[in-house]
Amino acid sequence: MTQDLFRQDAYLRECSAHITAVTDTGIVLDQTVFYPLGGGQAGDSGVLVLADGTEIAIADTRKGKDAEGNPTSDIVHIPAPGQEDRVAQLAQQGPGTAVTARIDWERRHRMMRLHTTSHLLCHVVPQLVNGCSITPDYARLDFAMTDPLDKEALTAAIATLVAAAHPLTVASISDEELDANPALVKSMSVQPPRGTGRIRTIRIGGEDNAPLIDLQPCGGTHVANTSEIGAIVVTKIEKKSATTRRVVLGFAQ
């Protein structure tokens with residue numbers, strides 16, 4: 001089991017950890033700041049630094065799977081190609097080897113900004129989402145709708161919400177609370193994980209009588225305040241099907 005430190009604090013850039021396994025897939029730690037691919041958000045990259053200063057570049061991060069392909073509670077750090085000797089030496093050292101796990105912070109922060117913007121877009125376009133992708137360079141949301149959308153109008157609406165400096169709050173609700181409020185789930189393609197009895201939520205606004213901008217289950221990483229997002233533009237709107245409109249977000253040049 002890997003303790004997911006990024007769930008509690010998305011601003012952690014590194015942590016001390018110990019190797020629990022080195023497999024054909026990658027390196028498993030007892031705790032990590034690396035976010036694994038999931039919920040539409042790309043996995044983190046970065047480095048694992050050994051006690052002697054040796055670095056192993058991590059190209060991607062994924063959720064662990066058992067022999068049958070079922071998800072486990074492990075988080076797997078996937079080494080970049082060309083480091084087979086270093087990884088083999090690490091495997092020989094065995095479980096318990098100490099490392100420092102350090103993410104590519106600039107890349108992660110770009111995804112945090114875009115992911116939070118995608119939640120703002122869910123407020124501006126109050127329709128169900130049937131597909132999404134959060135990368136360091138763009139965010140894409142597919143809305144289940146038939147009406148046309150306007151790039152300039154959406155960009156302006158997002159800019160207003162960013163400038164309003166709405167705080168973001170990470171909390172949780174019970175499975176029963178979610179069942180009683182099914183409208184909180186705005187994604188048709190990604191359902192919130194269950195099983196622990198609590199479901200992580202992201203709320204934007206809604207404090208001290210301020211308007212609630214967005215509230216939905218989400219396991220991804222986000223900025224603490226919309227003002228941190230900066231200048232975002234809608235770069236493209238596509239009609240993907242008769243019932244789907246795709247909106248692509250990017251950083252203003």
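Analyst: Two strands pair if DSSP finds at least two bridges between them. Helices (H or I, at least four residues) and strands (E, at least two) are DSSP runs, numbered from the N terminus. This is a predicted model, in which local features need pLDDT of at least 70, side-chain atom pairs count only at pLDDT 80 or more, and totals for chains, interfaces and linings use all residues. Residues are numbered from 1 along each chain as its sequence is written, and side-chain values use heavy atoms, with hydrogens and water left out.

User: What makes strand E3 and strand E7 a pair?

Analyst: E3 (residues 27-29) and E7 (residues 71-79) share 2 bridges in the antiparallel sense, and at least two are required. Ile27 stands opposite His77 in E7.

User: Why is the pair of Tyr11 and Trp105 called tilted?

Analyst: The centres of Tyr11 and Trp105 are 6.0 Å apart and the planes stand at 45°, so the pair is tilted.

User: How do you know whether Tyr11 and Trp105 are buried, partly exposed or exposed?

Analyst: Buried means under 20% relative accessible area, exposed over 50%, partly exposed in between (1.4 Å probe, protein chains only). Tyr11, at 30%, is therefore partly exposed, whereas Trp105, at 16%, is buried.

Notes. Rings of Phe, Tyr and Trp (its six-membered ring) pair if their centres lie within 6.5 Å; planes under 30 degrees apart count as stacked, over 60 as edge-to-face and the rest as tilted.
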